[in-house]
Amino acid sequence: MSSSSDNLIVANVSRRSFLKGLAASSAFVLAAKWGVASAQEAQYGADAMPHGWVDDPNVFIRIDDDGTVTIVNHRAEMGQGIRTSLVMVAADELGADWDRVRVEQAPGDEAKYGNQNTDGSRSMRHWFDPMRRAAAAARMMLEQAAADRWQVPVAECSADVQVVRHTPSGRELGFGELAVAARELPVPERETLELKPREAWRYIGKGGSAMSQNRPLAIDGEDIVSGQAIFGADVDFDDMLYAVIARPPVYGGKVAKVDADAAKQVTGVVGIQQLDGTTQPGGFQPLGGVAVIAGNTWAAIQGRNALSIEWDNTSAGDNARYDTASFRQELEQRAQSPGKVIRTQGDIGTALKNASDSIQATYFMPHLAQAPMEPPVATARLRDGKAEIWAPVQNPQAARDGVAKQLGLEPESVTINVTLLGGGFGRKSKPDFIFEAASLAKAFEGRPVRVQWTREDDLHHSYFHALSVDRLEAGLDANGKTVGWRHRTLSPSITSLFGPDPEHKGGFELGMGFNTMPFDIPALQLENPPAAAHVRIGWFRSVYNLPHAFAIQSFAAEVAEAAGRDHRDYLLELLGPDRQIDPESIGEQWNYGENPDLYPIDIGRMRAVVEKATAEAGWGRDMPANRGLGLAVHQSFASYTAVVFDVEVADSGDLVIHNVDMAFDCGPQVNPERIRSQLEGACIMGIGIALQSEITLQDGQVQQDNFHQYHFARMRHAPRNIRTHLINDNPDIAPGGVGEPGLPPIAPALCNAIYAASGKRIRELPVGSQLTA
């Protein structure tokens, strides 16, 4: 396995007392740190993140006198299991007993931990090698300490499940007995590190009983199910204040006039604070509004209800007239005309003109809200010139810098304590809610202030997934072979958050399944007509892979039908022969921030997941009436996913999802059980997106208030079986992402299955009432 992390530097910080707090309480503390990236490495990873990409993290491993091993995890845990998976890697390489390993959450500190932005399905992608090397260094230091104690060659000593053993004599010393001596030793040079062979792994690639008979597989699972784990809304102090905020209903609006007299009369309300909004583009800055601060959340909510506010939408411009239905029509009309050419090959005009047959289709995906089960929440306290924050945040370093700037402090005076996240899906990578808490903490200096978003707040004021229109056209020759393919994609861009509305998608957005479209077609042209943003557009799990996969994989099924061919066979023909495509050769520069030499687009892997999913689903078998199979495949975040749905659509329109088969190739599989969990979760989330989820706006205001209007998948739509098939567990290839790649093919596979069962072609999401219309 390889990655860009070839510059690992390790240091015994116990000797240098670098981490006074940690070192003082532990016998051994080791930090592993990437050095300065080579020029070649530095060119990868530069993306649109506001803080850039700083890949120089430290890995901290601590061993106490009693042998307890603690791994400091600097990534955010939002249910993806990164706390467990990273610790599995370190424990395995170190030789630690799973029952004696603990995890400690790192605060936000870029100087110490590097880039902590937990998104893009890259935590394990970027951390597998550093964790192994850091743990290998610690293991070798323990072995050297034992050899020194026994006065024997170190080659005769080896670490094995919490002890170091002298092979010839059978003598053993525990990790705790060796920790003090080990901390006095120099750290092995990177070139001398000896990583364990795959055959020696006890935890990596395994799970269940291989981990422990005595502890849950998830390292923090017992705390979570017993209520001991701390989420954002669990933070509490005796003298805490609670705040809710009335925010402008239109993006860019401001408070014109407020009457707070009634709110002040509500029992428990202790203050009313008007908050400044931000000019557009607003980035991660709060929307402004009026905060009601009280002794408890309920009083704050009642106080907000009693406010009388007149809003001024003058500064909102066109946002105040934003209507999603009209905007969709505008984009569909615009999709009829050429747009900015993103990629071209062959002569698309001639190919379509001379085709024996041609088909066109337009696909639509609405705005979506991340809607994590835990709405945004943050607690802030400012005292003695220092600020401390407790929050479920995916991007603690941006939060730290933002709070420091907001309060006029140095970043070193701001501590971001990262709690567990009750779901994130991209929403909690935007720390606007933390800045709100910091602002109020300044007004009530000395007292902790919690800003609590309600469900309605979250749905009304999210950073929405973009509304998207995709128009496709294909030309077929007399044999039904696709000879021309034109795709126009239209969506507001996330980059509209950070600069004047760009109207066109950014490179990283186009790289999510659009200009990386892998079909082997003689002539194609990909275009991106303009689409302006009228709300805050933000990351949503899988981001633009969702509309791109929905459109391309739905259209591929339509083209197969037009050609009179089986969908699976035709899809494999479109993919063409096994080959590796250099993304740069087709104009794709982003490639999820990865080196294209290590992460090409591998058609062989894409074909393999298609073949696996269809074989497991029994593709081609006779199906009962009203029942059908649907297929889709997509590559994203350096992984490959194919999905087959087996559904039944009654004459009444009722939908039953019998089976879902998901074939997945992320390369090396560190934690198979977590991978399966991620895929199962993606399946359920994708079904909700396909069937029911939609955010609409009129006059610039969101029309959905709560889950009775913004729907997720219901129990009746849950598949009776979700079968995950993990393939290509190859340690010699670079690891791919897991958290997001399972989601994009769900909607097109489901809709293709609906068509196979009912003959109803779904080209707009959500499916909603289309089955009964």
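At roughly what angle do the axes of helix α13 and helix α14 cross?

## Helices α13 and α14

The axes of helix α13 (residues 396-407) and helix α14 (residues 432-443) cross at roughly 30° and come within 10 Å. This is a predicted model, in which local features need pLDDT of at least 70 and side-chain atom pairs count only at pLDDT 80 or more, while totals for chains, interfaces and linings use all residues. Residues are numbered from 1 along each chain as its sequence is written, and side-chain values use heavy atoms, with hydrogens and water left out. Helices (H or I, at least four residues) and strands (E, at least two) are DSSP runs, numbered from the N terminus. Axes are lines fitted to C-alpha atoms, for helices over the stretch in contact, and angles run from 0 to 180 degrees between N-to-C directions.

On the α13 side, the contact (heavy atoms within 4.5 Å) is made by A398, A399, G402, V403, Q406 and L407. I434, F435, A438, S439 and K442 make it on the α14 side.

## The five-stranded sheet

Five strands form an open sheet with mixed pairing, in the order β14-β22-β21-β20-β15. Two strands pair if DSSP finds at least two bridges between them. The edges are β14 (340-345) and β15 (357-365); each has a single partner strand, so one side of each is left without a neighbour in the sheet. Direction ignored, neighbouring strands of this sheet are turned by 10° against each other on average.

Nine bridges join β15 and strand β20 (residues 468-476) in the antiparallel sense. Q360 stands opposite E473 in β20.

## Helices on the sheet

Helix α11 (residues 324-334) lies across β15, β20 and β21 (482-490), and runs at about 30° to β20. Helix α17 (residues 545-562) also packs on the sheet, where it touches β15, β20 and β21. The direction of α17 makes about 150° with that of β15.

## N752 and the cysteines

N752 lies in helix α21 (residues 746-758). With a relative accessible area of 5%, N752 is buried (under 20% relative accessible area, with exposed meaning over 50% and partly exposed in between, for a 1.4 Å probe and protein chains only). Leaving out residues up to four places away in sequence, N752 touches Q553, S554, A557, H567, L629, G630, L631 and R761.

A disulfide is a pair of cysteine sulfur atoms within 2.5 Å, and by this rule the count comes to zero. C751 is in no disulfide, and its nearest cysteine sulfur, that of C683, is 13 Å away. C751 is buried at 1% relative accessibility. C157 is buried as well, with a relative accessible area of 6%.
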